[in-house]
Amino acid sequence: MSYIAPAGTPLTFTDIIAGCTQGLADSGSGKLQAALLAHTQLPKAWPICSGRAAMTMVLAAMKEAADPARREVIVPAYTCYSVPASIIRAGLQPRLCDIDPETLSPRLDDLQRFDPKRVLAIVSANLYGIPNDLPAIESAAQQMGAFMLDDSAQSLGARIAGRAVGTYGDIGLYSFDKGKNITTLQGGALVARTGVLAHAVERHYDRLPSAEVIDTLLLLAKLPVYSALLRPTLYGAVHKLPFLGLGRTMYEERYPITRLSTLLGGLAARMFKRLHTINQTRARNATHIIESLRDVPGIETIRVPEAAEPVYVRLPLLVADSKQRQTLLSSLDVAGIGATASYPLALCDVPEVARVLPDQDKNMVGARHVANSIVTLPTHPYCPPDLAERVRTVALTASR
Ligand SMILES: *Cc1c(COP(=O)(O)O)cnc(C)c1O
């Protein structure tokens, strides 16, 4: 049976061949760098083998560039588990800021709890392609004398107040992993303005080894499989196979930290050209679903900050509680729609993170509510034109 994958970016066989060939010819990943610089209007860009590797490297650079009393990194209490994993791997102290369930943005009043002299950095989240209140987070970081890392792993192409998400604060991060805005299966990048931090990052990047040939070959072998699987007919045939591990969220501190392979850099540069079109399709699909659910009881959409242009890599919704969520997810599953419960836990409830948190960060009410009630719907270009109508029918039945 046909089944709509929860997330994904169309990638054709031609993209893979042509992108990687261009990557080989362009051995310094210059094309990807140029695309990143043009998009962000920033002077510095570094392609790296994954978002989490990029984050670990930035944190190490921040550690060198700042006063040794600053060892705490504040992250929104609901975000990708790789974020606290990179902080712990970098030998720093993760601290949690609760989020506002209405916007999924860090609660500015909760930032008041921290001792500004100990804070090394504040990290944004911009989940699902929806910008956080980045101008406010940027000024909060400035007031603390801390760095800000704009984590735009899910928001490449989004803007707020006319500025690209990923360009707020001192340094920005993008990911090209599966389920991100554009994908090379695994990949990432950093972008920055010039300054002390950019210098420190540059030194780390200069020492960074090239990608392992074997890792690149494995990714190249998987790319055509991914590209074929995203189609609803094939995804329907295989998505229940347990060994694929689709949709599982794991906490992992071990991962390689290398440059992005030049082949994958070429592919990312090629996908960059289609970013705008892909984002437009996703935003249109998301808008249709939001409109179709307007009068369905028990479903809330996320409020987008003023002057923000979201890119909806997925469409997040909130229901009342985990029981209602289970009902809705099962009904969507039966209807062949790949909805997910996103990250299953607030970071204060992930054991590896909880172990190192101070007590005052262990009860994140907003983040827990989101973890228990969030549902994400697909928005990618393989979504059929009647998706919004089908979601509405399922949601109305499930809400009774
Ligand atoms: C995916 C993601 C990362 C990590 O990126 P990888 O390329 O998967 O390592 C970091 N932060 C957020 C918010 C993400 O969604």
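I began with β10, where both faces are covered: Ile171, Leu173 and Ser175 on one side and Gly172 and Tyr174 on the other are all buried (buried means under 20% relative accessible area, with a 1.4 Å probe and protein chains only). Strands here are DSSP runs of E with at least two residues, numbered from the N terminus. I kept in mind that the model is predicted, with local features needing pLDDT of at least 70, side-chain atom pairs counting only at pLDDT 80 or more, and totals for chains, interfaces and linings using all residues. Numbering runs from 1 along each chain as its sequence is written, and side-chain values use heavy atoms, without hydrogens or water.

With 5 of its 5 residues (171-175) buried, β10 is therefore largely enclosed by the rest of the structure.

Next I checked the neighbours, where pairing takes at least two DSSP bridges. β7 (residues 147-151) runs parallel to β10 over 3 bridges, and Asp151 sits opposite Leu173. On β11 (residues 188-192) the pairing is antiparallel, over 5 bridges; there Val191 is the bridge partner of Gly172.

Then I turned to the ligand. Which residues come nearest to the ligand? I found Arg52, Asp151, Gln154, Ser175 and Lys180, out of 16 around it (a heavy atom within 4 Å).

I also listed polar contacts, meaning N or O pairs within 3.5 Å. A polar side-chain atom of Ser175 is 2.7 Å from a ligand oxygen. The protein buries 96% of the 380 Å² that the ligand exposes when taken alone (Shrake-Rupley method, 1.4 Å probe).

Technical notes. A polar contact is a pair of N or O atoms within 3.5 Å; within protein, one must be able to donate a hydrogen and the other to accept it, and residues adjacent in sequence count only if both atoms are side-chain atoms. Buried means under 20% relative accessible area, exposed over 50%, partly exposed in between (1.4 Å probe, protein chains only). Helices (H or I, at least four residues) and strands (E, at least two) are DSSP runs, numbered from the N terminus.
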